[in-house]
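Colleague: I have the model open and would like to go through its packing. Could we begin with the aromatic rings?

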Amino acid sequence: LDDEPLVRSRLQLAIGEVYVNLGMYAEAERQFARARDALAPLVPPDDVDRLAAERGIARAALRSANLAEAEPVLTRVFETARRRYGETHALYADTANDLASLHYFMGRHDRAIEMYEVAHRARAAAYGPDAATTLQALTNKAVVQAVIGRFDDAESTLRRVIDRVSARHGPDHPAVLNAQQNLATMYTNSGKPDEAMTVYRDILP
């Protein structure tokens, strides 16, 4: 593929994603960096593939707990994607989710909740309101709400996920079961064992 640099760079982006999902973050970063370097002389800095390569490098850093390295890159990609492609674009939506995770890991819980809501709205526009990735942003928001003791908010958020997925896909969908598990854990941690047992019985009747 030496004579097809755009095709090669997109393949490197795809391979980088596979490495991220496998937890092989150093290999992922290398693939994303190769894609970025190949794209640099061919496309402008705000090209979507070039931004995706930058985001990939930052995601690998985030997953490796190199938060200070990841933050400025994710912020730049997020702001550029918003300016260039708008708040309904997948790159904007997914980078918002990355930033929410970064804020959570840095202990900025209120900011994480805000950004998970941004990610949820943007993913609903980019992927659809019932897409798994859209609902995962809501679930992540609920987890952070529970961590900081906002149990009523967490319960409300998780029940939104359960109701939406159940209505669309049925009560046995994996996203419903995941949200129910998080809800039961939240009840346990907030001193409501009876409510937790009720949810567990729903999961395992």
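Modeller: Rings of Phe, Tyr and Trp (its six-membered ring) pair if their centres lie within 6.5 Å; planes under 30 degrees apart count as stacked, over 60 as edge-to-face and the rest as tilted. The model is predicted, so local features need pLDDT of at least 70, side-chain atom pairs count only at pLDDT 80 or more, and totals for chains, interfaces and linings use all residues. Residues are numbered from 1 along each chain as its sequence is written, and side-chain values use heavy atoms, with hydrogens and water left out.

Colleague: How many aromatic pairs does the structure hold?

Modeller: It holds two aromatic pairs. In one of them, Phe-78 and Tyr-92 are stacked, at 4.7 Å centre to centre with 20° between the planes.

Colleague: Where in the chain do Phe-78 and Tyr-92 lie?

Modeller: Phe-78 is in helix H4 (residues 67-85) and Tyr-92 in helix H5 (residues 90-105), 14 residues apart. Helices are DSSP runs of H or I, at least four residues, numbered from the N terminus.

Colleague: Are Phe-78 and Tyr-92 buried or exposed?

Modeller: Both Phe-78 and Tyr-92 are buried (under 20% relative accessible area, with a 1.4 Å probe and protein chains only).

Colleague: Turning to helix packing, at what angle do H2 and H3 cross?

Modeller: The axes of H2 (residues 25-39) and H3 (residues 48-63) cross at roughly 160° and come within 8 Å. Axes are lines fitted to C-alpha atoms over the stretch in contact, with angles from 0 to 180 degrees between N-to-C directions. H2 and H3 are therefore roughly antiparallel (angles over 145 degrees).

Colleague: And H6 with H7?

Modeller: Helices H6 (residues 109-127) and H7 (residues 132-147) have axes that come within 8 Å and cross at roughly 165°.

Terms used
Helices (H or I, at least four residues) and strands (E, at least two) are DSSP runs, numbered from the N terminus. Buried means under 20% relative accessible area, exposed over 50%, partly exposed in between (1.4 Å probe, protein chains only). Angles under 35 degrees count as roughly parallel, over 145 as roughly antiparallel, 65 to 115 as roughly perpendicular and the rest as oblique.
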